[in-house]
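Have the model open and keep turning it as we go.

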Protein chains: 2
Amino acid sequence: MLEDKLSIVAKAMKRSEIRELLKLVARPDIISFAGGMPDPKLFPSKVIAEVASKVLEKEPERALQYGPTEGDAELRKELAKWDGVDIDNILITTASQQGLDLVSKIFIDPGDTIMVGYPTYLGGLQAFNSYAAKFIGIPLDDEGMRVDILEDTLQKLSREENLPKFIYIVPDFQNPTGVTMPTERRKRVLELASKYDLFILSDTPYRPLRYSGEPCANFFHLDGGKERVITLFTFSKILCPGFRLGYIVAPAVVIDKLVIAKQGTDLCTPSFTQAIVREIMKQNMFGAHIKNLVSAYREKRDGMLNALNKYMPKIDGLRWTRPDGGLFLWLTLPEGMDANIMFKKAVKDKIAYVVGSAFHYDGGCRNTIRLNFSFPSLEQIDEGIRRLAGVIEEEAREVLCRGE
Amino acid sequence: MLEDKLSIVAKAMKRSEIRELLKLVARPDIISFAGGMPDPKLFPSKVIAEVASKVLEKEPERALQYGPTEGDAELRKELAKWDGVDIDNILITTASQQGLDLVSKIFIDPGDTIMVGYPTYLGGLQAFNSYAAKFIGIPLDDEGMRVDILEDTLQKLSREENLPKFIYIVPDFQNPTGVTMPTERRKRVLELASKYDLFILSDTPYRPLRYSGEPCANFFHLDGGKERVITLFTFSKILCPGFRLGYIVAPAVVIDKLVIAKQGTDLCTPSFTQAIVREIMKQNMFGAHIKNLVSAYREKRDGMLNALNKYMPKIDGLRWTRPDGGLFLWLTLPEGMDANIMFKKAVKDKIAYVVGSAFHYDGGCRNTIRLNFSFPSLEQIDEGIRRLAGVIEEEAREVLCRGE
């Protein structure tokens, strides 16, 4: 009965594939490269406990009360300083998934076209989908979105008067592929955005987690005040996801609309966790902590790359990315293999991944796999890749021989 | 430039009047009956500090990690027990404003009609508005929504084939009027919902805060499994707003869709604050705390009612509600007076309220005022009502004489 009354977008809503997979692989005997969780052993729980009790002692009336929709003014000031922007350019959000939702709410009319990576972050697709967006996917190479295809596509869409509202990009250590867009390509993308009057939604959850290579310029710094960039950030990967704390950097006029949208969405972000993060920032405790994270995750990334080199069979077309940071790497199976079909065998061998098709808005590229290296231990990474290599070798033998 | 790209709903978004008023009255010399904040002196900050450090010591990896979108399983179990429902009927939300947003997202298509109290909670109107809903308002009396008018209106709308998707009701100590709908009237409303195939969105943030009279039956208990009721609850008024923690009670099939919608909105509610509330519930600490709140707020409500009796001028048409609970009471000025115009004079006399027109979807009833008694101290309540009485007396003299 109630089901008949669902909105058009709700009728089309489907459960996230990842989410259902994660349930399947929650068994303790399975080594999981699925999910995208930080290593909980790296949570600075003692620092958080100390700061939390200080905050509750010194400012309980502020830390437990409603706060401004824009976020704690002092925290916004710290973040503005960190990013070299004005406080009016900062809105605190209930982590960056809310950033995706709010940006969708204020920009997407049903049927609007959004340009996304092919593949891209699943949660972005989900957020845009819930506002009935349509997608155009731009394939990636080792430097992120292919700017030549982007240009051709925009040219074509412009002729058809069907230009997208914005381009959604995860520029640093992309989810799911782990690849990073170099500064030069970012400049080209910005030029195209300017030429075709689009804006860029830059989603940067992993940006501080760089394990090798040099940092690339942030889109909003390259934009230089031309107001073509909205940037999302979250503390989920550099502090903890359990706070649900992030922020948006955007032109003041956009922040203004986002604030109104946020009022109707959750009134304000939790004051308590904002107060804790504000104090951690004011005491300059982030630098050392991020250094720890980088060194621990670098070891895990290297562990996974070494294990891949060591165990993976030599098959034409089997390849993987070598990310300079973030939480993920991306494995491509030879054409004709299907990671979705192979998944059952993998689980039987007690190893799990996320099928790459989940990150393609149309469910394409079924020969791809996302591997997470932040959550499992070094030992699990080695053993898990050994098992996965076995599954791939067996599957390749079956599928590729059958195909001949 | 970016402004041209806003969605249709975003272009129509306006800042909340209350929000702008609250900025105006943040001066320490003003006694404010505006806002809807609990008394921060009643936050159990010591209990929270103790439980928080225990949680961070015992289960840091769980309390700081991503959690299930549905919410912490143990907390859901506690809540299900509390409400006498199944765990599948519970979704934890980032406070009840998110409940309003998620219900809107899965039920409202642009142009859908929603039936609301005239007046009703402003945040409800904002949430529905951001999905381009249309409103039909049902006037209230001292027992909430007028069921006779509701029946006539539904009959008329049914003939016009323009029935609303749902009826939004704040049944206990309504925001803004403070009135409560008796059990008998709730039954009548449910009968009408059944007759016209609608559901009821019951928003109950103040329900445990009853200072006099007998509790009324909850809509979802009266519904008896007929799946016509979705209920929102929040911990903002009985623990603290700074956690942003609430939950939805609904039929399992609705919870299922809400979970998918929540995935795209914020992935999950903060695990940290959920863990704290779970432990507080498991240790049965809520009962005693709510008893404290009830006794403190009862005194404040009585203080405001006494002050109104003592100071208000005897003018025909000047009246106010006598709520049995909650945070607000509602003052109606004689016809012809305008609380919006009077507001400037009030602020000049260092007293603030919220204009009642803000709670009417069409900005009507400008002769009404919402008064909050939970936040100010007993002394401020007495002095504030004295000042307000002076402002009203003066304004009445001017306006009503001019009118003659």
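What rotation superposes chain A on chain B, and with how much shift along its axis? A rotation of 180 degrees does it, with 0.0 Å of shift and an RMSD of 0.0 Å. The two copies are thus related as by a two-fold rotation axis. Keep in mind that this is a predicted model. The pairing also uses the same surface on both copies, since 100% of the contact residues of chain A recur in chain B.

Now look at where the chains meet. On the chain A side 66 residues make contact, and they touch 66 residues of chain B. If you want to trace that side of chain A by its elements, the ones giving two or more residues are helix 1 (8-12), helix 3 (45-58), helix 4 (60-63), helix 6 (95-107), helix 7 (122-129), helix 11 (252-266) and helix 12 (271-282). Helix 11 of chain A gives the most, with nine residues.

Next, step back to the chain itself. An unreviewed UniProt entry places the feature "domain: Aminotransferase class I/classII large" at residues 44-388 of chain A. That span is 45% helix and 16% strand, and its end C-alpha atoms lie 32 Å apart.

For the strands, switch over to chain B. Here eight strands make up an open sheet with mixed pairing, and the order runs 2-9-8-7-6-3-4-5. Strand 2 (90-93) and strand 5 (144-145) of chain B stand at the edges with a single partner strand each, so one side of each has no neighbour in the sheet. Zoom in on strand 3 (residues 113-118) and strand 4 (residues 134-141) of chain B: they pair in the parallel sense over six bridges. A handy spot to check this is B:V116, which stands opposite B:G137 in strand 4 of chain B.

Finally, back to chain A for a pair of helices. Helix 8 (residues 147-159) and helix 9 (residues 183-195) of chain A pack with their axes 10 Å apart, at an angle of about 5 degrees. Helix 8 and helix 9 of chain A are therefore roughly parallel to each other. From helix 8 of chain A come A:V147, A:L150, A:E151 and A:L154, and they meet A:R185, A:R188, A:V189 and A:L192 of helix 9 of chain A. By class, that contact has five nonpolar and three charged residues, with no polar ones.

Terms used:
Residues numbered from 1 in each chain as written. Chains lettered and ligands numbered in written order. Predicted model: local features only at pLDDT ≥ 70, side-chain atom pairs only at ≥ 80, totals over all residues. Contact = placed C-beta atoms within 7 Å. Helix = DSSP H or I, 4+ residues; strand = E, 2+ residues; numbered from the N terminus. Least-squares fit on C-alpha atoms with pLDDT ≥ 70 in both. UniProt positions renumbered as here; feature names shortened; annotations may be inferred. Pairing = 2+ DSSP bridges. Axes fitted to C-alpha atoms, helices over the stretch in contact; angles between N-to-C directions. Parallel < 35°, antiparallel > 145°, perpendicular 65-115°, else oblique. Nonpolar A, V, L, I, M, F, W, Y, C, P; charged D, E, K, R; others polar.
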